[in-house]
Amino acid sequence: MKISSKNFAIHGIVWNNCLIFAAVMKYGIIGTGAIGGYYGAKLAKAGHEVHFLFHSDYEHVCQHGLQLDSCDGSFLIDKVNAYHSTSEMPRCDVVLVCLKSVNNHLLPSLLPPVLGERTLVVMIQNGIGVEPDVQQMFPGLWLAAGLAFICSAKSGPGRVSHQCYGSINLANYSCPEQQVMAQVLADFQQAGIEAREVEYHEARWKKAVWNMPFNGMTVALNTRTDLLLGNPSTRQLIYDQMMEVIGAARHLGVNGLDASFADLMMKMTDEMTPYSPSMKLDYDFHRPMEIYYLYTRPIEEAARAGYAMPKLSMLEAELRFLGEDN
């Protein structure tokens with residue numbers, strides 16, 4: 001199939017061993033922080049048209065650009081398509097939503113200005129149940145999940161510090177055209193991002209295997225990932241919590257998850273740079289924590305399937321106590 005238009009550049013991508021042609025996609029980034037800043041900067045550096053929504057650092061980025069300090073090579077995007085409101089942004093072919101899920105109540109006002117008839121919205125957020133809730137807000141919207149495996153943080157205005165990893169799994173939730181998913185995957189790979197497409201439920205629960213233990217435990221014990229794994233007692237507790245997530249996923253019919261995946265996550269975390277996850281940074285800076293989609297929702301879904309998560313339920317209660325005190 002060939003799409004031709006004087007308004008679009010044309011390139012070929014391979015999908016199911018066939019060469020297909022598609023218009024170059026226009027990307028929008030909603031939430032240019034540690035995650036949106038990283039993937040958006042990589043796409044922009046590779047030559048893709050990317051439009052970024054900024055909040056407090058809008059003026060800084062307009063004057064100084066977007067800086068990515070990366071273990072894979074640092075660079076500056078000096079001319080950024082920067083906006084302070086989505087009402088000023090163009091309609092985009094792909095929108096990466098990189099807001100914290102506690103801000104999803106803003107989506108009904110943020111998303112419509114950037115949506116076209118065939119826009120794919122990729123929710124790069126943590127947790128279980130994100131896409132079903134967004135689909136309720138926008139019944140006809142094309143949705144996908146983006147599961148980022150990355151250690152990065154926003155280190156200053158218009159500045160992202162990327163410490164290690166950086167891959168992303170993309171999972172189709174309600175996009176009716178697989179070719180669109182294939183092109184997004186190809187664009188990420190062309191930008192030097194390790195990306196692959198995976199089954200939706202497996203992708204969400206695999207990410208939860210790491211997120212549910214480490215995000216909450218670093219907050220509850222005021223520590224880092226390496227210190228948790230360096231102590232025999234907390235190392236065993238982290239592993240037990242991972243196995244609770246795997247047990248819940250299996251009770252909900254998710255295939256491809258067993259103890260070997262928990263072993264892999266432990267190994268990867270042993271090898272990563274000492275790291276404070278996003279929830280720990282939110283707590284330290286007195287921002288709301290993403291407790292609902294990271295803990296409450298998956299615990300509730302597991303309970304409905306007849307599976308209890310006692311260790312993670314206790315952690316959720318501790319986080320709610322700390323959140324009220326924060």
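This is a dialogue on how to read the features of one predicted model.

Me: Before looking at any feature, what should I know about the source of this model and its numbering?

Reply: The model is predicted, with local features needing pLDDT of at least 70 and side-chain atom pairs counting only at pLDDT 80 or more, while totals for chains, interfaces and linings use all residues. Residues are numbered from 1 along each chain as its sequence is written, and side-chain values use heavy atoms, with hydrogens and water left out.

Me: How many helices and strands does the protein have?

Reply: Helices (H or I, at least four residues) and strands (E, at least two) are DSSP runs, numbered from the N terminus. In this structure there are 12 helices and 12 strands.

Me: What does the radius of gyration say about the protein?

Reply: The radius of gyration is taken over C-alpha atoms, and the globule rule to set beside it is 2.2 Å times the number of residues to the power 0.38. Here the radius is 20 Å, close to the 20 Å that the rule gives for 326 residues, so the protein is as compact as a globular protein of that length. Along its principal axes, the C-alpha trace spans about 60 × 45 × 35 Å.

Me: What share of the residues counts as buried?

Reply: A residue is buried under 20% relative accessible area, exposed over 50%, and partly exposed in between (1.4 Å probe, protein chains only). Of the 326 residues of this protein, 54% count as buried.

Me: Which residues have the most contacts inside the largest nonpolar core?

Reply: In soluble globular proteins, nonpolar side chains tend to be buried together. A nonpolar core is a set of buried Ala, Val, Leu, Ile, Met, Phe, Trp, Tyr and Cys residues joined through side-chain atoms within 4.5 Å. The largest one here has 41 residues, and those with the most contacts inside it are Trp205, Tyr295 and Met309. Among the elements that give two or more residues to this core are helix 6 (200-220), helix 8 (232-251) and helix 11 (291-304), and the largest share, eight residues, comes from helix 6. A second, separate core of 39 residues includes Phe52, Phe75, Val122 and Phe188.

Me: What is tyrosine 295 in contact with?

Reply: Contact means heavy atoms within 4.5 Å. Leaving aside neighbours within four places in sequence, tyrosine 295 is in contact with residues including Asn211, Met212, Met279, Leu312 and Leu319. For the protein, residues 24 or more positions apart account for 68% of the contacts with a separation of 6 or more.

Me: Where is threonine 234, and is this residue buried or exposed?

Reply: Threonine 234 lies in helix 8 and is buried, with a relative accessible area of 16%. Not counting residues up to four places away in sequence, threonine 234 touches Leu221, Leu227 and Leu228. Threonine 234 and leucine 221 are 13 residues apart in sequence and 9.8 Å apart in space, C-alpha to C-alpha.
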